Amino acid sequence: MEIKFAKKQDRNRITDFYKIVFGDEIESSLNNRIFNSPFNNINDFSYIEEGGKIISMMGIIEHVQRFGEREIKVGEINFVGTHPYYRKKGLIKKLMNYWIEEMKKRNIPLSFLFGIADFYQQFGFEYACPVHFYNYITLEKIMLKNIKSEYKIELLDIKDERAISEINNIYAEESVDNFCSKIRGCGYFSYRIKMTSKNDFKWYVVKNNNAIKGYMWLQLKKNKIVVREANVLDEKAAASLCEKLNELAENKNFKIGVKAPLNSKFSRYVYKKGARFACNNEIYYGSWAGMYKIVNLKSVLEILIPSFEKRLSNSRFYDYTKAYKISTDIGDAIIKLEHGKVNILNVGQSDSTIIISSNVLTQLLTGYKDLSYFEDKISFNSDEDKAVFKVLFPLEFPYIYDLEYSDEL
């Protein structure tokens, strides 16, 4: 069956297909992410049809993520689906193989998706980024009762480009240490805010002398306030957000929940006030969560060179010299250490070979797990080699929550 590429005139057929696969609620997401988005290309979605009807479809959305000290281009596999009558016939495999090869041509070294249980590993993806298990913090109204701030808080004017630019800067500052967090441009951020300011969703900004010091995106449900994103520059701004939450919950039996990285300034502030941590980032097999596939091994390792060198500089191996061949099922690469400097090579002389599956390496690359999880899956020539790799690939346990990973968009 031939792979064909989506066009604007396919809109109704595509919508009808996805409603069969995912239900009517998918239409809003299709409009926001494919048909109306100025940042995604409809031609980056492909399908297989039979009798003029789409029976299987998927595509990629390109974006950039922080990966250690650097930024990396990522191809997110999205809107994967097959008509119920045509499943288990290899249609997704055919589409997936096409897009992995296409990513290689586009020099996209890493692919990402939200994976359903026990399915995407067959394509080389592995749970490695727990974005669906973002940290959840619960607040009681009593904790907010006496919090006051000299800063003002008001609804965001979604047409205020200067305000959106300042919000974007705050997001970038708070996300810089969060492995795998997404890089947002101001135009992109503006579109996202516009699309998520409807119905029971609200965006607030904290101001001091007209300068924005923080922001909050929340959802007002029937008996619950859910803060979907909050970032601040200082504690006074955090106090302002808490004041607003108290105001919104006043005289109502509201529960208040916050989705936020543990290392954010807002999270640290509410912990001081007695907030409780109600979730963790652990991925359990059988669950939905972020998965990665290494498309180009050498390129991914090169992105991590500054992180490797920083980790070595803080260890007893800061002046170490040795070349390691990393041998995987998707290819080989050499990590060469030389007096604190790191080079990544396709070929060359190596002192030691480390045989490792790409699924295991993926979890090490993101810092989701370290070598202690894989004692029986990686063989080292010496304890010293193992110690070096524990330095190069530490347990980072990325604390992530990103607007792009929300179910609205």
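Modeller: Let us begin with H339, which is exposed, with a relative accessible area of 52%. This is a predicted model, in which local features need pLDDT of at least 70 and side-chain atom pairs count only at pLDDT 80 or more, while totals for chains, interfaces and linings use all residues. Residues are numbered from 1 along each chain as its sequence is written, and side-chain values use heavy atoms, with hydrogens and water left out.

Colleague: What makes H339 exposed?

Modeller: Exposed means over 50% relative accessible area, buried means under 20%, and partly exposed lies in between, with a 1.4 Å probe and protein chains only; H339 has 52% and is therefore called exposed. H339 is found in the loop between strand 16 (331-338) and strand 17 (341-345), where strands are DSSP runs of E with at least two residues and helices are runs of H or I with at least four, numbered from the N terminus. H339 also has a positive phi of about 55 degrees although it is not a glycine.

Colleague: Which residues is T328 in contact with, leaving aside its neighbours within four places in sequence?

Modeller: They are L297, I356, S358 and L361, contact meaning heavy atoms within 4.5 Å.

Colleague: How do you know how helix 7 is oriented to helix 8?

Modeller: The axes of helix 7 (residues 235-249) and helix 8 (residues 265-272) come within 9 Å and cross at roughly 65 degrees, the axes being lines fitted to C-alpha atoms over the stretch in contact, with angles from 0 to 180 degrees between N-to-C directions. That makes helix 7 roughly perpendicular to helix 8, because angles of 65 to 115 degrees count as roughly perpendicular, under 35 as roughly parallel, over 145 as roughly antiparallel and the rest as oblique.

Colleague: Which residues of helix 7 and helix 8 meet?

Modeller: E235, A238, A239, L241, C242 and L245 in helix 7 meet F266, Y269, V270 and K272 in helix 8. The residues of this contact divide into 8 nonpolar, no polar and 2 charged, where Ala, Val, Leu, Ile, Met, Phe, Trp, Tyr, Cys and Pro count as nonpolar, Asp, Glu, Lys and Arg as charged, and the others, Gly among them, as polar.
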